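This report describes one protein chain, element by element. Please keep the sequence and the structure in view while reading.

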Amino acid sequence: MKRTTPRPQRAKMACLLLALAALVLPATGCNVLTMVGLVGEAIVPPTEPAQYVPPKTAPMLVLVENRQNPGRAWAESEQLAALISSDLTTHKVCPVIPQDKLIDLRDKDPLAMRQMSITAIGKAVEAQQVLYVDVLSINTPTITGTPSAGRVEMRVHVIDVATGKTAWPVAPNEPTAMSFEAKAPLSLEEDRIVVFNETLLRGAGHSVARLFYEYDPAADAQ
């Protein structure tokens with residue numbers, strides 16, 4: 001009968017081999033990493049895959065608003081849209097329509113824009129896909145000196161401008177509900193609330209953008 005070394009003993013042997021290689025191989029000019037294949041596979045940190053990969057060449061508009069009340073939390077929505085657009089651009093997800101085009105469209109006739117459909121807005125700024133973020137609520141700390149948290153509630157989906165249909169999520173064809181929360185420190189003073197709120201929106205924007213690219217959760221935790 002063929003005898004095998006128990007798993008714990010094999011693991012210890014692997015560690016010993018690597019330790020020995022670290023001591024001996026540098027003198028020969030060899031790289032210790034070349035020895036990994038002899039004792040096991042290299043450990044690679046797990047990454048989170050993209051929930052949806054948009055067409056790489058289709059210009060995308062990031063549209064953020066409170067669908068029930070577009071005038072509510074207008075400044076925060078505009079800031080959130082800019083943060084998401086920047087994150088998508090940094091990770092080269094797809095071409096992103098500058099927010100300036102959306103602002104120009106709104107400034108020309110705010111009332112008319114409120115009556116436009118999502119696809120009509122997309123066409124007006126020459127987008128082929130729209131990342132639509134419906135901001136349900138933005139709750140931020142208002143009382144200092146007590147434990148509290150900020151929270152952003154959203155619904156997210158991607159719309160194909162040509163067809164007007166939801167490109168993501170495919171099933172059940174309903175926007176994805178998501179939220180982002182950040183705890184405020186007990187010592188949060190009034191002059192720091194603005195900074196905290198900016199951090200809250202940045203985290204919320206990042207949580208939306210990374211739905212569309214692979215990322216490393218460990219890097220976010222650093």
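## Salt bridges within and between strands

The model is predicted. Arg-151 is partly exposed, with a relative accessible area of 30%. Its salt-bridge partner is Glu-153, and the closest N and O atoms of the two residues are 2.4 Å apart. Glu-153 is likewise partly exposed, at a relative accessible area of 24%.

A further salt bridge joins the side chains of Asp-134 and Arg-155, with an N to O distance of 3.2 Å. This pair links distant parts of the chain, since Asp-134 belongs to strand E2 and Arg-155 to strand E3, 21 residues apart. Asp-134 is buried, with a relative accessible area of 5%, whereas Arg-155 is partly exposed at 33%.

In total, six salt bridges are counted in the model. One of them is formed by the side chains of Arg-106 and Glu-78, at 3.5 Å from N to O. Arg-106 lies in helix H4 and Glu-78 in helix H3, so the pair ties together parts that are 28 residues apart in sequence. Glu-78 is partly exposed, and its relative accessible area is 28%.

The contact between Arg-106 and Glu-78 belongs to a network of salt bridges that also includes Asp-107. As a general principle, side chains of opposite charge can pair when their charged atoms come close.

Which residues of helix H4 are buried? In this helix, which spans residues 99-108, they are Gln-99, Leu-102 and Leu-105. Seen down the axis of H4, these buried residues fall within an arc of 120°, so they line one face of the helix. An α-helix has 3.6 residues a turn, so residues three or four places apart point the same way.

Asp-100 and Lys-108, on the other side of H4, are exposed. The buried residues of H4 are covered by several elements, including strand E1 (60-65) and helix H3 (74-90). Helix H5 (110-114) and helix H6 (118-124) also take part in this cover.

## Strand E1 and its partner

Five of the six residues of E1 are buried, so this strand is largely enclosed by the rest of the structure. E1 runs parallel to E2, and six bridges join the two strands. Within this pairing, Val-64 has Val-133 of E2 as its bridge partner.

## Nonpolar cores

The largest nonpolar core contains 31 residues. Those with the most contacts inside it are Ile-84, Leu-88, Leu-131, Val-156 and Phe-212. At least two residues of this core come from each of E1, H3, strand E2 (129-139), strand E3 (148-160), strand E5 (176-184) and helix H7 (190-209). H7 supplies the largest share, namely five residues.

What does Phe-212 touch, leaving aside residues up to four places away in sequence? Its contacts are Ala-50, Tyr-52, Pro-54, Leu-88, Val-93, Leu-131, Val-156, Val-158 and Trp-168.

## Backbone features in the loops

The peptide bond from Trp-168 to Pro-169 is cis, with omega near -5°. Pro-169 is located in the loop between strand E4 (166-168) and E5.

Where does Lys-92 lie? Lys-92 is found in the loop between H3 and H4. Although Lys-92 is not a glycine, its phi is positive, at about 55°. With a relative accessibility of 68%, Lys-92 counts as exposed. Glu-126 also has a positive phi, near 65°, in a residue other than glycine. The loop that holds Glu-126 runs between H6 and E2. At 57% relative accessibility, Glu-126 counts as exposed.

Technical notes
Residues numbered from 1 in each chain as written. Predicted model: local features only at pLDDT ≥ 70, side-chain atom pairs only at ≥ 80, totals over all residues. Heavy atoms only, no water. Buried < 20%, exposed > 50% of the residue type's maximum accessible area, 1.4 Å probe, protein only. Helix = DSSP H or I, 4+ residues; strand = E, 2+ residues; numbered from the N terminus. Arc of directions from axis to C-beta. Contact = heavy atoms within 4.5 Å. Core = buried A, V, L, I, M, F, W, Y, C linked by side-chain atoms within 4.5 Å. Salt bridge = Lys/Arg side-chain N within 4 Å of Asp/Glu carboxyl O. Pairing = 2+ DSSP bridges.
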